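Please open the model in your viewer and keep the selection panel at hand. The stops below proceed from the whole chain to individual side chains.

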Amino acid sequence: MPGQTHGRRTFLERAAAGGSAVTLAGLAGCTGVLEDDTLTVAVYGGVFQDVMDEELFAPFEEEVDFEVESEAQPTSEEALTQYENAVGAGEAPVDVAIMAQTGVMQGLNSDLWHIWDHDDFDNVEYISDDLVGEADGGISSVGALSWYINLVQNTDVIEEPVDTWEALWDEEYEDTLGLLGYASNSFLLEVTAELHFGGQEILDDRDGVMEVFEELEGVTDQANFWYENEAEFQQRLRDGEVPAGMLYSDITLVMQDDGAPVQSNFVEEGSILDSGLWVTLETSEVKEEARQFIDYASQPEVQDLLAENLYTSPTVEEQYSEIDGELYEQIAGPGPDAAISPKYELYVEDEDWVSERWEEFIIG
């Protein structure tokens with residue numbers, strides 16, 4: 001698709017320079033009522049924003065009589081703080097945003113999101129039920145895109161696929177792996193529970209979580225470093241300095257397209273499936289425009305287009321997607337039924353306690 005390769009290469013160049021750590025500086029100056037009826041949508045930066053501008057926002061703008069602007073936002077945790085401050089002051093730095101599941105739940109606790117009626121949308125019926133957030137008898141969030149966290153490797157250094165979570169405890173990989181640096185984005189508690197305790201039920205209480213932490217502590221010898229900014233790991237993985245670890249499959253495939261000797265492996269015991277969802281700030285002055293946008297983005301053909309260009313997994317039910325089998329297997333592996341689903345409520349209800357234990361057992 002025209003512009004596709006350029007967009008991905010631009011993203012990788014930014015990442016190599018550390019430029020993917022986007023801030024909300026651009027949003028901070030946009031508080032208050034937006035001019036006219038412009039719809040401002042916050043999305044992940046880099047390749048996500050490049051492709052969405054071309055494949056989502058531009059064609060949508062052709063169908064409506066108002067302008068649409070995309071804004072790059074950082075992690076959901078950082079964005080959430082900005083939104084809480086803005087909504088508390090009656091302002092709207094953006095109208096619609098992509099938020100991770102934990103961010104959506106935390107925002108609900110602070111009454112940040114507009115709650116839609118079920119009959120406000122025509123196309124949300126195509127979105128997987130688990131990606132349509134329910135609150136106060138209505139809809140609080142709608143699936144925007146999904147992605148898999150896989151085990152990855154530099155194929156110049158490691159030839160055989162690293163495709164089992166057991167590798168995290170395997171001394172063969174001592175001081176070898178780059179791992180996500182937070183409990184709430186690595187979801188290694190869930191991996192450990194599935195692998196060593198027969199399922200996630202053990203995470204239902206703090207005593208069980210402590211048992212899981214004690215088991216998870218065994219991965220620290222294999223960790224070369226814990227990263228917060230995936231751009232840092234991308235470069236080390238590309239160079240073979242840190243030859244394996246966990247990373248978003250879509251980013252790894254983009255790196256592969258750009259010629260990097262990297263491979264994304266769906267994991268035997270299940271890769272981690274995570275998602276971003278559309279939310280609308282309660283203080284937005286253009287809710288009708290926001291409604292039209294979310295409904296447009298929920299169409300199966302739009303979801304397929306984003307998947308083809310970003311390697312993200314469509315949020316529509318599989319029967320509504322027309323992605324061919326080869327591409328679907330590349331971006332989704334054995335599919336969502338085989339994946340590990342995060343226990344998001346753990347990071348909302350016990351946020352501080354889990355973070356403290358993570359520092360104690362893993363990072364400390």
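**The whole chain**

Of the 364 residues in the chain, 58% are buried (under 20% relative accessible area; exposed means over 50%, partly exposed in between, with a 1.4 Å probe and protein chains only). This is a predicted model, in which local features need pLDDT of at least 70 and side-chain atom pairs count only at pLDDT 80 or more, while totals for chains, interfaces and linings use all residues. Residues are numbered from 1 along each chain as its sequence is written, and side-chain values use heavy atoms, with hydrogens and water left out.

Display the C-alpha trace first: along its principal axes it spans about 60 × 45 × 40 Å. In cartoon view, the chain shows 15 helices and 10 strands, defined as DSSP runs numbered from the N terminus (helices H or I, at least four residues; strands E, at least two).

**A negative surface patch**

Select D37, E61, E62, E63, D65, E67 and E69, which form a negative surface patch. Patches are made of residues with over 30% relative accessible area and no salt bridge, like charges being joined within 9 Å and nonpolar side chains (Val, Leu, Ile, Met, Phe, Trp, Tyr) within 5 Å. Asp and Glu count as negative and Lys and Arg as positive, whereas His and the chain ends are not counted. Which helix gives the most to the negative patch? Helix α3 (residues 47–63) does, with 3 residues. Next, centre on D65, in the loop between α3 and β2 (68–73); D65 is exposed, at a relative accessible area of 72%.

**Two positive phi values**

Move to D111, in the loop between α5 (101–109) and β4 (132–135). Its phi is near 55°, a positive value in a residue other than glycine, and D111 is exposed, with a relative accessible area of 59%. Then select F187, in the loop between α6 (183–186) and α7 (188–196). Phi of F187 is likewise positive, near 55°, in a residue other than glycine. Is F187 buried or exposed? At 2% relative accessibility, F187 counts as buried.

**Salt bridges**

The whole structure holds 8 salt bridges (a side-chain nitrogen of Lys or Arg within 4 Å of a carboxyl oxygen of Asp or Glu). Begin in helix α9 (residues 230–239), where E232 lies. E232 forms a salt bridge with R236, the closest N and O atoms being 2.7 Å apart. Being 4 residues apart in helix α9, the two are separated by about one helical turn. E232 is partly exposed, at 37% relative accessible area. From E232, draw a distance to G178: these residues are 54 apart along the chain, and their C-alpha atoms are separated by 9.7 Å.

Continue to helix α11 (residues 287–297), in which R291 and E288 are 3 residues apart, or about one helical turn. Their salt bridge has its closest N and O atoms at 2.9 Å. R291 is buried, with a relative accessible area of 18%, whereas E288 is partly exposed at 42%.

Finally, select K343 and E345, whose side chains meet in a salt bridge (3.4 Å, N to O).

Key: Accessible areas come from the Shrake-Rupley method with a 1.4 Å probe; for residues, only the protein chains shown count as cover. The place of a charge is taken as NZ of Lys, CZ of Arg, CG of Asp or CD of Glu.
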